[in-house]
Amino acid sequence: MRRHKSWLLLMVLVLAATGCSRLTFIKPKMERKNGEEIAPTYQVNDSPETKRRMDAERALVLATQRMQSGDLDGAERAVRVAQKSAPQSADVQTLLAVLADQRGQAKLAGEHYRRATELAPGRGAEQNNYGVWLCANGFPAEALVWFDRALQDSSYETPAAALANAGGCAAQAGQHERAERDLRQALTLDPGNAYALGSMAESEYRAGRYFEARAFVERRLAAAPATADVLKLASQIEERLGDRAAAGRYVQQLRAEFPDASDAQTGGKAEQ
């Protein structure tokens, strides 16, 4: 099964390397000069716990930067430093999962994503991330449970992501009513959600509603850069609508932008 890396609407970790919690105030003895007390100079030191947390955050920021630049080995060294400072950090486990995924180590990535959910059981981001991994690795029905858990987190900042992921995964599981429900809810919250738009275009195409499919695929192409699968789907929709010129333009764009894409012609396999 083809893996939907574009779904990874899970975070790319960008953590603040600052912050404060408990501080220890060290008060020196009062000094006297000419019989008068001199106000002491207070020294403020971070508690050991705070220092470890900040060290971990700085290391995670460095790991994220290195990963984004393609230095996976450097990213792993940095995240291991973070892990030493914060062994119970869900963020550390998430970044280890992303690194493993980029290296093609799918099973290891899944283990890290699952561990992140255990370390942050109430956080929607971790539940969504593990659901994405499950659906991309052949467990769509099980993945839906984790998307539901993500949506139970009232503080989750991107529920549209979990809804879009759930909708696409429900379609894979054959739960088409849920798929349409979740995708439409995602678009209500985030009308420009590229994954939800592409999934709705495919759903309408498969249902034979080609004008509706065209509208969704056009919105999808306006929302984010084209992918090979979206261009294939767009060409198929235009073929069904009888607009061979439009279909040909999409095929031409596909061949220009994705020369290595397989089946780069009209009638190719739709996005799945």
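User: In which helix is the place of His112?
Analyst: This is a predicted model, where local features need pLDDT of at least 70 and side-chain atom pairs count only at pLDDT 80 or more, while totals for chains, interfaces and linings use all residues. Residues are numbered from 1 along each chain as its sequence is written, and side-chain values use heavy atoms, leaving out hydrogens and water. Helices here are DSSP runs (H or I, at least four residues), numbered from the N terminus. Read that way, His112 belongs to helix α4.

User: Does His112 count as buried or exposed?
Analyst: Buried means under 20% relative accessible area, exposed means over 50%, and partly exposed lies in between (1.4 Å probe, protein chains only). Because His112 has 13% relative accessibility, it counts as buried.

User: Which side chain makes a polar contact with the side chain of His112?
Analyst: Contact means heavy atoms within 4.5 Å. Leaving aside neighbours within four places in sequence, His112 is in contact with Leu96, Ala97 and Gln93. A polar contact asks for N or O atoms within 3.5 Å, one able to donate a hydrogen and the other to accept it, and residues adjacent in sequence count only if both atoms are side-chain atoms. At 2.8 Å, the partner of His112 is the side chain of Gln93.

User: How many residues apart are Asp91 and Arg123?
Analyst: A salt bridge is a side-chain nitrogen of Lys or Arg within 4 Å of a carboxyl oxygen of Asp or Glu. The side chains of Asp91 and Arg123 meet in one (3.0 Å, N to O). Asp91 is buried at 16% relative accessible area, whereas Arg123 is partly exposed at 37%. The pair links distant parts of the chain, helix α3 and the loop between α4 and α5, and the separation in residues is 32.

User: Which helix holds both Asp182 and Arg178?
Analyst: Arg178 has a salt bridge with Asp148 (2.8 Å, N to O) and another with Asp182 (2.7 Å, N to O). Both Asp182 and Arg178 are buried. They are four residues apart, about one turn, in helix α8.

User: At what angle do helix α9 and helix α11 pack?
Analyst: The contact is made by Gly198, Ala201, Glu202 and Tyr205 of α9 with Leu233, Gln236, Ile237 and Arg240 of α11. Axes are lines fitted to C-alpha atoms, for helices over the stretch in contact, and angles run from 0 to 180 degrees between N-to-C directions. For α9 (residues 194–206) and α11 (residues 228–240), the axes are 11 Å apart and the angle is about 35°.

Definitions and conventions:
Helix = DSSP H or I, 4+ residues; strand = E, 2+ residues; numbered from the N terminus.
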